[in-house]
Amino acid sequence: MLSGRMGRPMQRAFQIPEFMATGSKPSDIDADVIVIPVFQGDAAESDIWDAACDGDILASYQRGAFSAKPCEQLSAQPSGWRSRRLLLVGVGPRAGFSSELARRAGACAALTCRLQRRARVGVVVPEGWQDDAIESLVEGLVLGNYDNGHHKSTEEGRFFISRVEIAAPGDATQAVARGQRIGEAANAARVLINEPGNHLNPSELVARAQQMLAVPDVTTEVLDESRMKELGMGLLLGVGQGSASPPRLLVARYEPQDAPASPVLALVGKGITFDTGGISIKPSEGLERMKDDMAGGATVVAALRSIALEQVPLRVLALVPAAENMLSGGAIRPGDVLRGASGLTVEVNNTDAEGRLILGDALWYATQLSATHIIDVATLTGAIVVALGKTTTGLFGTDGWREVIQAAAQRAGERVWPMPLFDDDREALKSEIADMLNSPGRAGGANTAAMFLKQFVGTTAWAHLDIAGSAWAEDVRPWAIKGATGVMTRTLVEVARSLGKNWP
Ligand code: BES
Ligand code: MN
Ligand code: ZN
């Protein structure tokens, strides 16, 4: 019934290429193109490939046509190779190399291969690349094998890479498998994030999340309105009450047999399937983007899937409060007072500050499920975009735990930046008639939103990732198409992998 009403995409949005490690020399790989990442200013390295291409590569360097800047690409025809084409991809200078640049190289190479309709790809991993970089490169190749055309009625003009053969100096099996899994999960999240509001309401979101979580050692449970009422979740119910599609709360548990009883990591993701702003309605310009307001929810689901498939020995929960923020005769009004499950009452002076409301109930519920460490991910505030721009995720939270997330993001090659939380921000939330306001005004808008969330976690270690800027790419870049980015999937997996190392 669900799929009948909401409708599934007609086409697939991405393909996971078959990956295989090869012991072959680059010249012996049977593929339509051989992708070779190269460092900027590393002439000697390019020499190896230049010899096969009759001096074409060095000639391009000398002409200034190619210098191996990040994502810069050069095609050449090697003679005497099994593959007739070679694609050099720049990763910038060796000194500034990072997982992020490796992922971008993989993604931009994949986009080029698809444009040139090359289905079978060989990849040569340069000497000295660590597992983190190889994992990111593979993740990038998978991310680049994605498009948004799944609602088109024909496959015309769409092309995907079907096979990737990787030649690495050492044994790259694990790094390749990890990169493939994370890329696949992030792509599945991107499909959900890009899905229009009429295709994805709260119950459809949780149904599709459950499909993603149909993996070993994960169980899922969906709380409906009557269960939410029993628990007193007036914040989630309040936000959801204006919509014809009722709210849901997805609770997923990954409980591997070998995991200790504690710690328990809870990942909580905002799941607003469409944000009109409610009665405090948003302006219509750019409103169509508000279908991505469940990006946090999709991300925590993708991360849990990867963590479970990787069999990380740690108990992890994922919670997704899902609602549609609509206006109707039944919608909450500005000035309404809601009471959440934690007992705190909130004066809703702006119905557009809905994310913090639904997260309030979900964060509290995570503490009730005995989470010892919480991370929430949310497209929460326009203010974080003003503060950090469109590609950096804002990080708030408990001292110590915040640094764990920051270090994981660094390894994962995702941009997060720490933001402050001072007690003064709590003052701004003061309400005359309730325990707090949900919208304290423009000053420090991302900080006061984080301070609001903090009121629901008690003494549990908690971090908040505001992805309002980073979840969505407005402009086409060499390594990414427009739309959902899948950002923070890899960081969350990295946090889980870092279990026990420096956890407060
Ligand atoms: N979903 C929005 C935040 C958002 C804005 C995400 C732009 C992506 C791009 C959120 O629900 C919202 O509307 N926040 C308000 C809060 C304000 C009313 C206190 C905002 O940021 O303007
Ligand atoms: Mn809003
Ligand atoms: Zn929102």
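Glu354 counts as buried, with a relative accessibility of 1%; buried means under 20% relative accessible area, exposed over 50%, and partly exposed in between (1.4 Å probe, protein chains only). The model is predicted: local features need pLDDT of at least 70, side-chain atom pairs count only at pLDDT 80 or more, and totals for chains, interfaces and linings use all residues. Residues are numbered from 1 along each chain as its sequence is written, chains are lettered from A and ligands numbered from 1 in the order in which they are written, and side-chain values use heavy atoms, with hydrogens and water left out.

**Zinc ion (ligand 3)**

- Lys270 (NZ), Asp275 (OD), Asp293 (OD) and Glu354 (OE) coordinate the zinc ion (ligand 3) at 2.0 to 2.4 Å. Donors are N, O and S atoms within 2.8 Å of the metal (3.2 Å for Na, K and Ca); water is not among the atoms, so sites may look incomplete.
- The arrangement around the zinc ion (ligand 3) is octahedral because its six donor atoms subtend angles of 78 to 174 degrees. Six donors count as octahedral, and four as square planar, if opposite donors are over 155 degrees apart and all others between 65 and 115; four are tetrahedral if all angles lie between 85 and 135 degrees, and anything else is irregular.
- The donor residues of the zinc ion (ligand 3) follow the sequence spacing K-x4-D-x17-D-x60-E. Lys270 sits in the loop between strand 9 (264-269) and strand 10 (271-275), and Glu354 in the loop between strand 13 (345-348) and helix 11 (355-368), so the pair ties together parts that are 84 residues apart in sequence. Helices (H or I, at least four residues) and strands (E, at least two) are DSSP runs, numbered from the N terminus.
- Lys270 is buried, at 2% relative accessible area.

**Manganese ion (ligand 2)**

- Protein donors of the manganese ion (ligand 2) are Asp275 (OD), Asp352 (O), Asp352 (OD) and Glu354 (OE), at 2.1 to 2.2 Å.
- The site of the manganese ion (ligand 2) is irregular, with angles of 68 to 168 degrees among its six donor atoms.
- Asp275 bridges the manganese ion (ligand 2) and the zinc ion (ligand 3), and the two ions lie 3.2 Å apart. Distant parts of the chain are linked by Asp275 in strand 10 and Asp352 in the loop between strand 13 and helix 11, 77 residues apart.
- Asp275 is buried at 3% relative accessibility, whereas Asp352 is partly exposed at 22%.

- Six of the six residues of strand 14 (373-378) are buried. His373, Ile375 and Val377 lie on one side, and Ile374, Asp376 and Ala378 on the other. In a regular strand the side chains alternate between the two faces of the sheet.
- Strand 14 pairs with strand 9 in the parallel sense over five bridges, and Gly269 stands opposite Val377. Two strands pair if DSSP finds at least two bridges between them.
- Strand 14 also runs parallel to strand 18 (461-466), joined by six bridges, with Ala461 as the bridge partner of His373.

- An open sheet of six strands has mixed pairing and the order 1-6-5-2-4-3. Strand 1 (18-21) and strand 3 (73-76) are the edge strands, each pairing on one side only.
- Strand 3 pairs with strand 4 (86-93) in the antiparallel sense over four bridges, and Leu74 stands opposite Leu88 in strand 4.
- Helix 3 (56-63) packs on the sheet, touching strand 2 (33-40), strand 3 and strand 4, and its direction makes about 145 degrees with that of strand 3. Contact means heavy atoms within 4.5 Å. Axes are lines fitted to C-alpha atoms, for helices over the stretch in contact, and angles run from 0 to 180 degrees between N-to-C directions.
- Helix 4 (99-115) touches strand 2, strand 3, strand 4 and strand 5 (120-124), and its direction makes about 155 degrees with that of strand 4.

**Local backbone features**

- The peptide bond from Ser262 to Pro263 is cis, with omega near 5 degrees; Pro263 is in the loop between strand 8 (248-254) and strand 9.
- Asp54 has a positive phi, near 50 degrees, and is exposed at 61% relative accessibility.
- Asp217 has a positive phi, near 70 degrees, and is partly exposed, with a relative accessible area of 33%.
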